[in-house]
Amino acid sequence: MKKFAGNKSVILDVASRFNIAESMFYAITSNIMKFFNDIAPNIIKMPNTEDRKRKVVREFEDICGFPGILGYIDGTYIKIRMPAKRIKSTYVNRHDYPSLTLQAVCDANKLFLDVFTGPPSKVHDARIFQLSFLSNEIQNISEDYHLLGDAAYPLKKYLLTPCRDYGNLTAAQRNYNHKLCTTRVKIENAFGLLKQKFRQLMQLNFLTVKRSANFIISCCVLYNLCIINNDYLDNLDIENIEYNEGHVYNEQNPNDRMDGETKRDIICNLLAFN
């Protein structure tokens, strides 16, 4: 599985190398993917204790001084073969190729804390976030903690986004945006390392969305195991990886946005004084 995922080899080539039929290879990889998807909740998980939350927050704070960060959320396109019996236009992204979006949250060590995939990349990042399990779970966290995201996500007290620049940002707001962008590097690097380590993710050739999604999650589990076991990934070339620069999200509950703006203003001032 790891050899197949790590190289741009077709199934026929891998099956012939191991002297097995393609159907046998399909069955074996299906079982392996099922295993990785079953253990995924134990390998990819948000901080669930105060000690672990404080550890993640402290590691981000050491980078840029930004307080309370439980992770950075973003999305990336995973190019796919057009799924059978699906409408192509619903899967084509803004770069004009069919893809699925992988939404992920990572910590300061580029370890995935949450992953979600399956929706076509035609769907806006904000909608994908609403569809994910994380959108409900994260609402219950303490007000001391929050995720960071780009302007594609809705501003909420538990999900902070950049201050929009219309040419009139204050020095504190510009400083806040700079600190936020500094942390974004971690998720960009994580996506880059994931795709370079598991090169099948450059373009998946499975016939169904379910198998593509299961494969993506399996690669994320393997990626986390590499990070946890100090299988160094930083020597990989990640300069040419494509990221999902989502459009600005405008539609959201006014009360949620007001709560988010209040918290963002407090942090802007806090960072300015620090």
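**Figure 1. Arg211 and Tyr26 in the predicted model.** The charged end of Arg211 is placed over the ring of Tyr26, at 3.8 Å from the ring centre. The structure shown here and in the other views is a predicted model. A second contact of this kind involves Lys79 and Tyr97: Lys79 lies over the face of Tyr97, 5.2 Å from the centre of the ring.

**Figure 2. Overall composition of the protein.** The protein contains nine helices and five strands. From the N terminus on, the order of these elements is α-α-α-α-β-β-β-α-α-β-β-α-α-α. Of its 274 residues, 50% count as buried. Among contacts between residues at least 6 apart in sequence, 69% join residues at least 24 apart.

**Figure 3. The aromatic pair Phe112 and Tyr223.** Seven aromatic pairs are found in a search of the whole structure. In one of them, the ring centres of Phe112 and Tyr223 are 4.8 Å apart and the ring planes stand at 40°, so the pair is tilted. Phe112 belongs to strand E3 (residues 112-120) and Tyr223 to helix H8 (residues 209-228); the two residues are 111 residues apart, and their pair links distant parts of the chain. Phe112 and Tyr223 are both buried. Ring pairs join Phe112, Phe191 and Tyr223 into a cluster.

**Figure 4. Packing of helix H7 on helix H8.** The axes of H7 and H8 cross at roughly 105° and come within 10 Å. Angles of 65 to 115 degrees count as roughly perpendicular, and H7 and H8 are therefore roughly perpendicular to each other. H7 contributes Ala190, Leu193, Leu194 and Lys197 to the contact, and H8 contributes Cys219, Cys220, Tyr223 and Cys226. By class, the residues of this contact of H7 with H8 are seven nonpolar, no polar and one charged. Tyr223, listed here on the H8 side, is also the ring partner of Phe112.

**Figure 5. Packing of helix H7 on helix H9.** Helix H7 (residues 171-197) packs against helix H9 (residues 254-273) at an angle of about 95°, and their axes are 8 Å apart. This angle makes H7 roughly perpendicular to H9. On H7 the contact is made by Ala172, Gln173, Asn175, Tyr176 and Lys179; on H9 by Arg264, Ile267, Cys268, Leu271 and Ala272. The contact of H7 with H9 comprises six nonpolar, two polar and two charged residues.

Figure 6. Ile43 lies in helix H3 (residues 22-43). The relative accessible area of Ile43 is 18%; the limit for a buried residue is under 20%, so Ile43 is buried. Leaving aside residues up to four places away in sequence, Ile43 touches Val221, Asn224, Leu225 and Ile228. Ile43 and Tyr223 are 180 residues apart in sequence, and their C-alpha atoms are 9.9 Å apart in space.

**Figure 7. Positive phi at Lys85 and Lys110.** Most residues other than glycine have a negative phi. Phi of Lys85 is positive, near 60°, and phi of Lys110 is positive, near 65°. Lys85 is placed in the loop between strand E1 (69-79) and strand E2 (99-106), whereas Lys110 is found in the loop between E2 and E3. With 88% relative accessibility, Lys85 counts as exposed. Lys110 has a relative accessible area of 13% and is buried.

Terms used: Residues numbered from 1 in each chain as written. Predicted model: local features only at pLDDT ≥ 70, side-chain atom pairs only at ≥ 80, totals over all residues. Heavy atoms only, no water. Phe/Tyr/Trp six-rings, centres within 6.5 Å; stacked < 30°, edge-to-face > 60°. Helix = DSSP H or I, 4+ residues; strand = E, 2+ residues; numbered from the N terminus. Buried < 20%, exposed > 50% of the residue type's maximum accessible area, 1.4 Å probe, protein only. Lys NZ or Arg CZ within 6 Å of the ring centre and 35° of its normal. Axes fitted to C-alpha atoms, helices over the stretch in contact; angles between N-to-C directions. Parallel < 35°, antiparallel > 145°, perpendicular 65-115°, else oblique. Contact = heavy atoms within 4.5 Å. Nonpolar A, V, L, I, M, F, W, Y, C, P; charged D, E, K, R; others polar.
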